[in-house]
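Hi,

Here's the structure I promised to send over. Have a look at it first, and then read on for my notes.

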Amino acid sequence: MDGISPHREDWKIGVDIGGTFMDFCALEVNSGRLATLKVLTTPDDPGAELTTGLSLLEERDQLLPETVTRFVHGTTVGINTVLQRKGAKLAMITNAGFEDVLELARLRMPEMYSLFCHRAAPLISRDHIFGVTARLNAQGEETTALEEGSVAEAIQKALLAGAEGIIVSFLHSWRNDAHERRVKDMILDMAPGVFAFTSSEVWPVIREYERGCTAIMNGYVHPRVVGYLDALETRLASKNIPAKALLTKSNGGVMSAGDGRENCVSMLLSGSASGVTGAAWLARQAGEDRILTLDIGGTSADIALIIDGAANFGTGEMIGDFPLYIPSVSVSSIAIGGGSIASVDDHGVLRVGPGSAGSTPGPACYGRGGTEATVTDAMAVCGWLGHSDLAYGQLRMDRDLALQAVAVLAAQLERSTEETAQAILNIALSEMFVEVEKLASREGVDLREFTLLPFGGGGPMLGAFLARDLGMTRVLAPRRPGVVSALGGLVADLRGDFIRTVFAGLDDTLVPVLQAQFTELAQEGRAWLSRQGHDGPAELQLTADMRYSGQSFEIEVTLKPEWLESAHDIADAFHKTHARIYDFADPEGLIEVVNLRLAIVGAGPNPEIPAQTVSASTAESEKTVLVYTGSYHDVPLYRRETLSPGTQLRGPAIVSQEDTTLIIPQECTAEVDFASNIVVHIEGSAHD
């Protein structure tokens, strides 16, 4: 218990910030008491919502700041910096003759069949990329010495161009980083006020474009991330919280704020990843092994698959227009959220998103100055929302304001206000449907075998409707779906990712090389865990990027350390993985090992949800409300806190609670399980 007296409270806090709310999930370990909260974000004063939330937890839940032993924070400051293109002004130094690497990229267009498609402008413009005399060959051997005069000239040009930071990315630095390290030293000597990152220190992987892109994004967000973290630690100190700040990472784990200042790129997808981490923990607690997550916030909807209690991982996730090449929880996003704005285009077609009302001014029904119709306003017009306060009493919905906003669109479409609101919801659901079907096709899964776990402020509102359209038959709505991302940070493990590029054919002579690389990776990983303050046991997860000779790209193969003693065992693992993915394997084919990867995991808190006594009963509604679904119907409204394990409901029904609203459609039944989840059974599935 981290040295805490058993009689003293021990609070662990997870915090996640989205487009509209900052979510808090606090656990008192000794008693198992859970406190949750939502606070509206303050774009004009980032971080002020943190102080407000901590003060409310202290006032409402008697959470004493000095008893906080773990504080984990997920932030969108990095990804928003990239999406809004408000990052640092950067320059790049590379090999002479390769200054066009960002422009050439991989010669791929984002939409290859679109006549109007264009590639986004790079984060570093071509006139801020400077070539210097230096060259290594593919084996990492110096063929042209580093000419320091050309480096000094490039640094001066970068400074004259107003660069705040300089990225150094040379060919083959994954083999030998000597040139990159020397250039960085010269930058720091000549320009102490400028920061510098080398591609080999950020992510030392083969392929110069991918390695360079990762380093560039790390530098692009660096100043804003550092400023945010400085303010975060200052605010925690002002609240007398002794716990050192931890940050959620794109890989679903956490790291120290100190690491976050240098390894900024690892936290770009932290919010999305921590939501999946929280959902995976809830799924394991409920005994569910195949889950489709649906996280709907104010600006977007995120979807992911959880199989056997673990999230899928991948590389190449998109950050706006740019690919992220570090390991990340595989999350697909679409710009449809509760605050997504509906509009009628020049052709008279109703559209939803991608613009969002955010938290300021927010949807019209929030009464904070918003006048444009959003998905939340459409829900209010149809009668699903507006029967209780939202966000722990911070918002009182005004249906009349929603009616006024949607009526503007209705007049343009020459339809009734209610029909227009229903059309907005149908469009939002159809957009999500397409993205989920694409995910299922890529992963080769049958969604009818999965349970939908909706969370976020909007997930429980639309989740059962989407599940029905997808042919799914079960929805698992957790007790506090509005704060699952914050819960994910609270229960997340320390997790570090490390990589060595091997790029060699697999045979017996490669075995000792792989063993030596694994030993180095394990030492590097354990040193990283030690810097995070973790002195307990660690789990090592080993994988390799492999391919048949002649293939352009590789697949990730899970390995066991003992398999590194035999080329045959490694090859067998690759053949089986290739067959599983592509339904094809060539046992006689030559195999190349491109990268060896290690993930090291230091276990985080694993609180237990005590099983509650399940006693069958019929729910008592608080009242009935009028809801529009093509025509008006009376629908019962229930309060979540009155539903005990074993309580049964029949749709259509509305379940109102402090952080969101759960909607149970017609022809569905539901019951509360032993962990206070509401399990919805969809009888009218589209694929039945």
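Below is what turned up, from strands and cores to rings and charges.

First, the ground rules: this is a predicted model, so local features need pLDDT of at least 70 and side-chain atom pairs count only at pLDDT 80 or more, while totals for chains, interfaces and linings use all residues. Residues are numbered from 1 along each chain as its sequence is written, and side-chain values use heavy atoms, with hydrogens and water left out.

Six of the seven residues in β4 are buried, so the strand is largely enclosed by the rest of the structure. Buried here means under 20% relative accessible area, exposed means over 50%, and partly exposed is in between (1.4 Å probe, protein chains only). On pairing, two strands qualify if DSSP finds at least two bridges between them. β4 runs parallel to strand β1 (residues 11–17) over six bridges, and Phe71 in β4 is the bridge partner of Ile13. β4 also pairs in the parallel sense with strand β11 (residues 245–248), over three bridges; there, Phe71 has Ala245 as its partner.

Phe71 comes up again in the cores. A nonpolar core is a set of buried Ala, Val, Leu, Ile, Met, Phe, Trp, Tyr and Cys residues joined through side-chain atoms within 4.5 Å. The largest one has 99 residues, and Phe71 and Leu506 touch the most other members. Helix α7 (residues 208–238) gives the largest share of this core, with 12 residues. Apart from it lies another core of 79 residues, including Phe21, Ala402, Ala428 and Tyr628. As for Leu506, leaving aside residues up to four places away in sequence, its contacts (heavy atoms within 4.5 Å) include Met546, Ile570 and Glu592.

Helix α14 (residues 484–491) is worth a click too: eight of its eight residues are buried, so the rest of the structure largely encloses it.

Now the rings. Rings of Phe, Tyr and Trp (its six-membered ring) pair if their centres lie within 6.5 Å; planes under 30 degrees apart count as stacked, over 60 as edge-to-face and the rest as tilted. That gives five aromatic pairs. One of them is Trp384 with Phe465, edge-to-face at 5.8 Å centre to centre and 65° between the planes. Trp384 sits in the loop between α10 (375–382) and α11 (399–413) and Phe465 in helix α13 (residues 459–470), so the pair ties together parts 81 residues apart in sequence. Both Trp384 and Phe465 are buried.

Last, the charges. Counting a side-chain nitrogen of Lys or Arg within 4 Å of a carboxyl oxygen of Asp or Glu as a salt bridge, I get 26 salt bridges. Glu449 and Arg290 form one at 3.7 Å, N to O. This pair links distant parts of the chain, 159 residues apart: Glu449 is in the loop between α12 (417–443) and β23 (451–455), and Arg290 is in strand β13 (residues 290–296). Another joins Arg547 and Glu554 at 3.6 Å, N to O. Arg547 is buried, with a relative accessible area of 9%, whereas Glu554 is partly exposed at 21%. Arg207, Arg547, Glu554 and Glu592 are linked in a salt-bridge network.

Cheers

Key
Helix = DSSP H or I, 4+ residues; strand = E, 2+ residues; numbered from the N terminus.
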